[in-house]
Each structure stands twice: as C-alpha cells, then as structure tokens.
Amino acid sequence: MVWTLFAVAVVLAVLLERIGSRRRTLQKRHVRLKALDQIRLLRLLLEQVQRHRGLCFGVMAGEHSLESQRWQVEAQVAQSLEAVAVHQASLFWYTAWHPVLPVWQQIAEQRAQNASAEAVLLLHHRMAEQLISTIEALAVRHDLVCLGTLAPQPQGMWLELLKNTELLGRARAVGTGIAARRQNSALQHQELQRLREQINTQCYQPLARLCTEPLLRLSVDKPVRAAEDSLDSLLQAVDQLLETGDRPGLASNRYFSIATQAISATLAIVDLLLERLQAPGALAYK
C-alpha cells in the first residue's frame, strides 16, 4: 500500500513538473512574441528614419525635388513614434531608447534653424544608432538571435542584416548629397568610398550564408538573389559617383532610388526571418 501511494505521488510529481514546464515555456513564448512585435515596430521606425535622412540630406544639398517625399516620410516617422509610444513602459528599461525622441526633436529644430546639412546628417546617424541598439538589446534579452543555443542561429541572422541596412542607408544619404552637388566635397567622397568598402565586405556574406542553410534555402533563395542584385546596382552607382568627380553623372533622385531598392531588398529578408520566428513552435525553447 505504501509503495503504491509512493508510486502515485511520483507520477503526480512528474506530471505536475511537466505541466509547469509547459506553462513556463508558453509564458516565455508569449513574452518573446511581444518582444518581436516591438522589434517590428522599431524596425519600421528605423527604415523611415533612414529614408528621411537620405531625403533630408539631398534636399539640404540642393535637390528640392525630394522635398515632397521628405515631408511624407516625416509624417510617417511621427506616426511610428506614436505607435511605439504604446510600449514606452517596457522600452524605458532600455537606455538606448531614451535619446530617440529627443534626437528626432533636435533634427526638426536644427532644420528650422537652418543648421548645416552635415549637422542634421549626424543627428540622423545618432538616432539610427540608438534604434539599432534598442533592437539589439531587445533581441539579446529575449534570446531572439541565438534561439536557445550558444551561437547565433540562421533564423537569428535578421539582426546582422538589419545592422547592414545602416551601412546602406548612410551610403544612400551621402551619395544623394554628392549627386545633388552642394555636398560634393572631398570629405564626402572619402566617406562614400569608405562605406562602399564596408558594404562590399559585410553585406554579401550573410546573404551567402543564408543560402547554405538547408532549412532556409528554398524560402530565401529568391529574396537573396534580389538583394545581391540590388547591392551590385548600388555599388555600380557609387562607383559612377566617385569616378565622375566634381560633375556627378547620376541624378540624385535616381541614385536615391537605387540605394532604396538595395535597402528594401535586405529588409525583405529581415522581415521573412522575423515572420519565421513568429510561427507556432519557433520560440518554444527554454
């Protein structure tokens, strides 16, 4: 009788532990899904800030045909900031988030005060850096890169790709300024050359690695080829700007469009990987 009761107690203990473990796993998945929602909002905000930077620098460099687009993107940034504000209580714990809104306000103030194009560009750089740091902090805290292991996993490569869009975004802004001529200085040429080298070194590698992953190959093959082709086009456009010296051979709005295609193609893969993380069972690890 005693042994029977003991056996029943053991079975009940095991069942309760399994139920508790399952509940904890579901709770963690719920928290991770919430973090993913926040990351997707911040990713959109980052994309809009990067786009605004390129348009703003182009306008301030003399390409006034970009002003209507700049105004539209400025409104989109304001809308995204309102959407992100819903998560302010949880984002408050990430120090990288604190300067984001103040920097956006500084950008508006500097433009109103007719500050230099370079000063406004640097403020955009800072805002983008803070957004990326916030996203990375969220990803690390909720294990959305290593995914329960000790090293970054293929589906966790979204963060590396997202960081690469900042290189592309800076190249878009600087190149647009050069093409608009007023920011066609030796310093800007050096910066664009440096960015070109970084893009060539860093942006192709993660795309190639994705194509070697058996579980991802079929879903990423087309997007990766599109991203690689768009990177090729961007580097050709950069070379064209750098080779033509004081007389850019490419219109600023055309260059902006080429660079935007490269960024959008990379972001499409980021979104694809984030969507896979939201699939049932994808985040069911301890």
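**Note on an all-helix predicted model**

1. Of the 286 residues in the protein chain, 47% count as buried. Keep in mind that this model is predicted.

2. Start with the secondary structure. The protein chain has ten helices and zero strands. Read along the sequence, the pattern is α-α-α-α-α-α-α-α-α-α.

3. Next, the contacts. Take those in the protein chain between residues at least 6 apart in sequence. Of these, 77% join residues at least 24 apart.

4. Now the surface. The protein chain exposes about 14,400 Å². Carbon and sulfur atoms supply 56% of that area.

5. Look at Gln 48. This residue lies in helix α1, which covers residues 2–60. Is Gln 48 buried or exposed? Gln 48 counts as buried because its relative accessibility is 9%, and the cut-off for buried is under 20%.

6. Which residues does Gln 48 touch, leaving aside its neighbours within four places in sequence? Gln 48 is in contact with Val 73, Gln 76, Val 77 and Ser 80. Glu 74 is worth checking too. Gln 48 and Glu 74 are 26 residues apart along the chain. Their C-alpha atoms are separated by 8.0 Å.

7. Finally, the aromatic rings. A search of the whole structure finds one aromatic pair. Phe 92 and Trp 93 form this pair, and the arrangement is edge-to-face. The ring centres are 5.8 Å apart, with 80° between the planes.

8. How exposed are the two partners? Phe 92 has 46% relative accessibility, so it counts as partly exposed. Trp 93 has 65%, so it counts as exposed. The cut-off for exposed is over 50%.

Methods: Residues numbered from 1 in each chain as written. Predicted model: local features only at pLDDT ≥ 70, side-chain atom pairs only at ≥ 80, totals over all residues. Heavy atoms only, no water. Helix = DSSP H or I, 4+ residues; strand = E, 2+ residues; numbered from the N terminus. Buried < 20%, exposed > 50% of the residue type's maximum accessible area, 1.4 Å probe, protein only. Contact = heavy atoms within 4.5 Å. Areas by Shrake-Rupley, 256 points an atom, 1.4 Å probe, with all protein chains shown as cover. Phe/Tyr/Trp six-rings, centres within 6.5 Å; stacked < 30°, edge-to-face > 60°.
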